[in-house]
Amino acid sequence: MGIALYQLLAQEYFKDFHVIAGQKGVSREVQGVAVMDAPDALRWTKGKELIVTSGYALSKEPYCLERSFQEGVAQLATGMLIKRQRYLDTIPDHLVELFERYDVPLISMPFEIGFMDIINQVNIAVMNQAFKCFRIQNDSVFRLSNLSFKERKIKRILQAVEAEMNFPAFLYDINEEKSYYSSANFRRISEKFCLRDEDYWSPSREHSKHTLCEHMHMTRYRLIDPLNPNGPRISWVLIPIIMNEVTQAFFVVMESKEFLDYCDEYSIRIAFLELQSLYEQIMVAQSIGNIGFENFVLYALNYDEKDQDRLIYQASQHGISMSKKYICIMFSQTKDETVSARDERKSFERVFLDSAVSKSGKMAFLEENRGIILWDSQGKDKCGLEYFCQMLEEFRLKIKEKCNGMELEFAVYRDETNLRFLKDSVKKCQKVMAMGKKLFPQRHIWDYEMLGPYAWIEIQEDELEAMLRPYRLLLQDERNREPLKTLKVYLENNMNFSITAEKMYVHINTIRKRIDKMKELLELSLDDRIARLKLEMVLQFLNL
């Protein structure tokens, strides 16, 4: 990709440059400038270069260009600029005839113009043309919540890449798990070479890798077929779009026919900057949206039912649907109470946006070390406990890695409710968090259904501690731990000595002795059904 010679000459800077031969070739493409300072200089031309000369070589060897045309190298050039009245008072007729014959433009340039100025003007012209091609109309960041608008901007940029450079392009949005293509050409080439979307940033086949721009993480990948080294090969350029150290998308340009040239890299950089700007605006909009959502959540948790109309009004102001149903997840930071998760908000949100939870979840802090995630199932059936545990455990480990070892615990209430009942859902999560810690202290994630009948019981913290006190005193003597554990297993198995002995891997007489010991120390009567139920519940809260 460069600029047509006639477009270059039409600019104000080139008003005193005159085409004196080869007028038919002015539509040729300029991709760079080369200086001819020796009679055989054109033997190294690559093509699509605008050759600039002072005329010195022509004055010494007047027919050197004729040899270059005969060898077939001079006609590869876009055209030639000869400085007026430097070494040639006039342009020889045989040169005019030669350039006219091959339709290669021959241009006389002013004496006072420097070669570096020409090079700069060509580069500026190429950049300006690329900017014009990729120019996207500005829109308010608040409109970026409209997904179709985002799609239009991405597709417009990708289509401009293919139209400008004739290389198909592709963008993969990680958060949306969605692919955007400049045209069907990209998919057609991918299918031909059996490439999946993920192969473009993580190739599964043998390949070479070359960094084009370290600052932009701009990399060329090229497939290698060891069984057919002379067969067709394919390469592409990958640039990740990274915001706050989190990769948001992958931008790929396919080198389907040839490598990108110097000017193509201008266009790729401009397209990348346009895409990066779009994602920056989206992030700003999301940040504003997150704060607005958090304010609304805090309002919803404290509103009076008499103010229901006001709640609906607040929801409409933030673009929040009161009819949409969410699953409520509570998180709590437990490593150190002196550390505030909210103070680490930037890092916390960065990890959240990079996790699977954010794909369907919205996060809001309720206090310094506690918050909620409202998860939109979007009609999906995969809302089982195992799915949530896997997703939240991944988030927990990422937070621990990225946020100074911060430890998170989660309580999940999987019944979907709308925001009008958010207060009830949060209360249930609080109960799950409190009871889960006591019933399953070895876990980090607890679910409402995991509690069973304990979810229905309201036990005050001081009352529970009073109930546990006699048992904690017993546990101060390590010899009582196994008898207490045996009593717990014994009650769980309907007071069956044989089954208890089998599960504890001890003789049945040992079980009898341990149970008798506990009856004596605790003054128990296991004949009373209510007493047994109470005992079984209390033992659940001991970490045995």
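1. In this note, helices (H or I, at least four residues) and strands (E, at least two) are DSSP runs, numbered from the N terminus. On that basis, the protein contains 17 helices and 18 strands. The model under review is a predicted one.

2. On the protein as a whole, 47% of the 544 residues are buried. The exposed surface comes to about 28,700 Å², of which carbon and sulfur atoms supply 48%. Of the contacts between residues at least 6 apart in sequence, 65% join residues at least 24 apart.

3. Leaving aside residues up to four places away in sequence, Phe186 touches Pro168, Ala169, Phe170, Tyr181, Tyr200, Val252 and Met254. For Phe170, the separation from Phe186 is 16 residues in sequence and 7.1 Å in space, C-alpha to C-alpha.

4. Two packed helices are described by the angle between their axes and the distance between the axes. For helix H14 (residues 481-492) and helix H17 (residues 529-540), the axes come within 10 Å and cross at roughly 125 degrees. H14 is therefore oblique to H17. The crossing of H14 past H17 is left-handed.

5. Which residues meet where H14 contacts H17? From H14 come Leu484, Leu487, Lys488, Leu491 and Glu492, and from H17 come Arg532, Leu535, Glu536, Leu539 and Gln540. The residues of this contact comprise 5 nonpolar, 1 polar and 4 charged.

Key
Residues are numbered from 1 along each chain as its sequence is written. This is a predicted model: local features need pLDDT of at least 70, side-chain atom pairs count only at pLDDT 80 or more; totals for chains, interfaces and linings use all residues. Side-chain values use heavy atoms; hydrogens and water are left out. Axes are lines fitted to C-alpha atoms, for helices over the stretch in contact, and angles run from 0 to 180 degrees between N-to-C directions. Angles under 35 degrees count as roughly parallel, over 145 as roughly antiparallel, 65 to 115 as roughly perpendicular and the rest as oblique. A crossing is left-handed if the near helix is turned anticlockwise from the far one by less than a right angle, and right-handed if clockwise. Contact means heavy atoms within 4.5 Å. Ala, Val, Leu, Ile, Met, Phe, Trp, Tyr, Cys and Pro count as nonpolar, Asp, Glu, Lys and Arg as charged, and the others, Gly among them, as polar. Buried means under 20% relative accessible area, exposed over 50%, partly exposed in between (1.4 Å probe, protein chains only). Accessible areas come from the Shrake-Rupley method with a 1.4 Å probe; for residues, only the protein chains shown count as cover.
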